[in-house]
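I opened the notebook to go through this fold element by element. What follows is what I looked up, in the order I looked.

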Amino acid sequence: MLVAWVASVLSQTGQSIQTMTASEPGLKETILLVDDEQSVRTIVLKILRRARYNVLEAENGEAALRIAEEHPGKIDLVITDMYMPGLRGREVVERLAPTRPGLRALFISGYADQDARTGVPGGANFLNKPFSGQELANAVEKVLKGPPL
């Protein structure tokens with residue numbers, strides 16, 4: 001199922017993905033993407049970069065914390081998988097929030113058949129995998145316009 005989803009979203013060519021968000025000169029906000037699945041990171045990176053976001057990529061929670069510590073600029077949003085080996089998404093966000101004022105979070109998970117929302121903090125933003133490029137773009141814009149953690 002994951003392979004079919006990746007192929008489906010990657011087949012959406014330029015125009016539909018590029019027009020998902022208003023075009024602005026230069027890069028928009030900085031997003032830290034955390035997911036242990038390389039194929040998911042690849043598709044999400046492609047969508048976000050085409051929408052002109054600056055994206056920092058981490059393959060797990062520990063890497064996300066290192067990247068955030070080394071990144072001198074602002075991180076506006078963390079998009080994180082809920083369930084990963086080592087630190088889970090919620091733990092990553094809980095550790096980053098005190099050091100990153102204005103941080104927002106979008107949790108993603110492919111475990112819809114299990115109660116994926118049980119690990120999501122109350123009132124948090126959640127997007128269930130698989131999602132379309134448009135659904136991701138809409139969720140990112142909504143979260144960035146909403147209140148920080």
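I take two strands as paired if DSSP finds at least two bridges between them. With that rule, I note that leucine 33 stands opposite glutamate 57 in β2. The model is a predicted one.

**Entry 1: overview**

I began with the inventory. The protein chain has six helices and five strands. I read the pattern along the sequence as α-α-β-α-β-α-β-α-β-β-α. The chain has 149 residues, and 45% of them count as buried. I then looked at contacts between residues at least 6 apart in sequence. Of these, 69% join residues at least 24 apart.

**Entry 2: the sheet**

In what order do the strands of the open sheet lie? I found β2-β1-β3-β4-β5, five strands with parallel pairing. From one strand to the next, the twist averages 20°.

I went through the pairs in turn. Strand β1 (residues 30–34) runs parallel to strand β2 (residues 54–58), and five bridges join them. Between β1 and β3 I recorded four bridges, again parallel. β3 pairs with strand β4 (residues 104–109) over five bridges, in the parallel sense. The pair of β4 and β5 is parallel too, over four bridges.

**Entry 3: bridge partners**

I wrote down some residues that face each other. Isoleucine 31 stands opposite leucine 77 in β3. Valine 34 has threonine 80 as its bridge partner in β3. Threonine 80 also stands opposite phenylalanine 107 in β4. From β3 the chain passes through α5 to β4, and I logged this β-α-β crossover as right-handed. Further over, isoleucine 108 stands opposite leucine 127 in β5.

I then followed helix α3 (residues 38–50). It packs on the sheet and touches β1, β2 and β3. Its direction makes about 170° with that of β2. Together, β1, α3 and β2 make a right-handed β-α-β unit.

Is β1 enclosed or open to the outside? Five of its five residues are buried, so the rest of the structure largely encloses β1. I sorted its side chains by direction. Thr30, Leu32 and Val34 point one way, Ile31 and Leu33 the other way, and all are buried.

Leu77, Ile79 and Asp81 point one way from β3. Val78 and Thr80 point the other way. I found both groups buried.

**Entry 4: aspartate 81**

Why does aspartate 81 count as buried? Its relative accessibility is 5%, and the cut-off for buried is under 20%. I listed its contacts, leaving aside neighbours within four places in sequence. They are Val34, Asp35, Asp36, Gly89, Ile108, Ser109 and Lys129.

**Entry 5: tyrosine 83**

Next I moved along the chain, past the end of β3. Tyrosine 83 lies in the loop between β3 (77–81) and α5 (89–96). Is tyrosine 83 buried or partly exposed? With a relative accessible area of 21%, it is partly exposed. The cut-off that decides this is the 20% below which a residue is buried. I also checked a distance to β4. The C-alpha atoms of tyrosine 83 and isoleucine 108 are separated by 8.9 Å, with the two residues 25 apart along the chain.

**Entry 6: helix α6**

Last, I took helix α6 (residues 133–145), which has 13 residues. From its first C-alpha to its last it reaches 18 Å, close to the 18 Å expected at 1.5 Å a residue. I listed its buried residues as Gly133, Leu136, Ala137, Ala139, Val140, Val143 and Leu144. They cover an arc of only 165° around the axis, so they sit on the same side of α6. On the other side, I found Lys142 and Lys145 exposed.

Key: Residues numbered from 1 in each chain as written. Predicted model: local features only at pLDDT ≥ 70, side-chain atom pairs only at ≥ 80, totals over all residues. Heavy atoms only, no water. Helix = DSSP H or I, 4+ residues; strand = E, 2+ residues; numbered from the N terminus. Buried < 20%, exposed > 50% of the residue type's maximum accessible area, 1.4 Å probe, protein only. Expected span 1.5 Å × (residues − 1). Arc of directions from axis to C-beta. Right-handed = clockwise from strand over helix to strand, strands pointing away. Axes fitted to C-alpha atoms, helices over the stretch in contact; angles between N-to-C directions. Contact = heavy atoms within 4.5 Å.
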